[in-house]
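Subject: A structure for you to look at

Hi,

Here is the structure I promised to pass on to you. Have a look at it first, and then read my notes below.

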Amino acid sequence: MSNGSNLTDHPSCKSDPPLAIDIIFDLDVFGIILYSILTFMAAVSMLLYIEECIYVYRKVPSNKKSVIIWVNGAAPIIATMSCLGMWIPRATMFTEMTSSCYFAIVVFKFLIMMLEEVGGDEAFLRRAGKHKLKISTGPCCCCCLCLPFVAITRRSLFLLKLGSFQFALLKIVFTILSIVLWTNGNFELKTITGAAIWINPFLGVLTITALWPVSIMFIHLKTVLQTLKIVPKYAMYQLVLMLSQLQTLIINILANKGVIACTPPFSSIARGYMMSQQLLILEMFIITLVTRLLYRRQYEPLPEEEHDDNENTKVVVVPESA
């Protein structure tokens, strides 16, 4: 009991995160092995992403290159930022903000990617003009089954794209604002004091608002794009979201409540950040390998729909090579 009390009262438990050089000098054999393996995973993730970018640039049609590169980069970018945060704990706020801003753009790009897979806006409107969108989906309205179906028009498509784009734009704006307020001592990451009282909840609302259009579009196109493995792609996108946002939030809440013990030179909060960074490196490395299998393929145009006499839609299966 006295050991726990002495550990809690250690000066490191109430100080800022340690410097990078202090971490290096404090590493034991297990720490050296752990940090080396995680750094190797982050480096491999980034190298695989660079190789994938080269493949996409050479093999993929020009209208899909940008969105596929953006979506593919979610896991390796988060892994790289987490590795930097692991080695330089005092930069955690900036590495997390960078990852969050990148993923905010990915949310919008994933929506655009689904549209490009069916041939772009015009092709989507031509294919889906006779259908309607189901808007009673998560994360906003999954319980509101009474909501009407919405006609697919240029206006409704614009609103869907705007709903996701606003998050990509405003996330960057509020991140810059947060950094400015942090320099003035008015903002602390993952706290409920100062400017964070209104910035963090507002960003949460923007996140939910941005995820809703992507969910609506996925529900509508998942059958049409089934041959292009859109379901596992969407699953990976959702997994990155939950791990980078929800998992990190839970660990940081536990750290702020003192559930995660202080272990010098890390305070309870700094150790929570460290655990989150290390978990993300491992998880994003695995997701990078999976997404590589999903996106590394021949990108052939999706065939036009065939209609029978009863107006039933038939989708021609496209053979694809790995």
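Among contacts (heavy atoms within 4.5 Å) between residues at least 6 apart in sequence, 75% join residues at least 24 apart. Please keep in mind that this is a predicted model, in which local features need pLDDT of at least 70 and side-chain atom pairs count only at pLDDT 80 or more, while totals for chains, interfaces and linings use all residues. Residues are numbered from 1 along each chain as its sequence is written, and side-chain values use heavy atoms, leaving out hydrogens and water.

The chain has eleven helices and four strands; these are DSSP runs numbered from the N terminus, with helices being H or I of at least four residues and strands E of at least two. Of its 322 residues, 46% count as buried, where buried means under 20% relative accessible area, exposed over 50% and partly exposed in between, using a 1.4 Å probe and protein chains only.

Now for a pair of helices. The axes of α5 (residues 74-87) and α11 (residues 268-295) come within 8 Å and cross at roughly 150°. Axes here are lines fitted to C-alpha atoms, for helices over the stretch in contact, with angles from 0 to 180 degrees between N-to-C directions. The two helices are therefore roughly antiparallel to each other, the word for angles over 145 degrees. Residues of α5, including A75, I78 and A79, meet residues of α11, among them L280, I281 and M284. This contact divides into twelve nonpolar, five polar and no charged residues. Ala, Val, Leu, Ile, Met, Phe, Trp, Tyr, Cys and Pro count as nonpolar, Asp, Glu, Lys and Arg as charged, and the others, Gly among them, as polar.

Which residues have the most contacts inside the largest nonpolar core? They are F110, M114, F124, M217 and M284, in a core of 69 residues. Such a core is a set of buried Ala, Val, Leu, Ile, Met, Phe, Trp, Tyr and Cys residues joined through side-chain atoms within 4.5 Å. Helix α6 (residues 92-117) gives this core its largest share, 15 residues. Not counting residues up to four places away in sequence, M284 touches S45, A75, I78, A79, V240 and L243. A second, separate core of twelve residues includes Y35, A270, I281 and F285.

Finally, find T209 in helix α9 (residues 196-221). T209 is partly exposed, with a relative accessible area of 31%. Beyond its neighbours within four places in sequence, T209 is in contact with G163 and Q166.

Enjoy exploring!

Note on methods
Angles under 35 degrees count as roughly parallel, over 145 as roughly antiparallel, 65 to 115 as roughly perpendicular and the rest as oblique.
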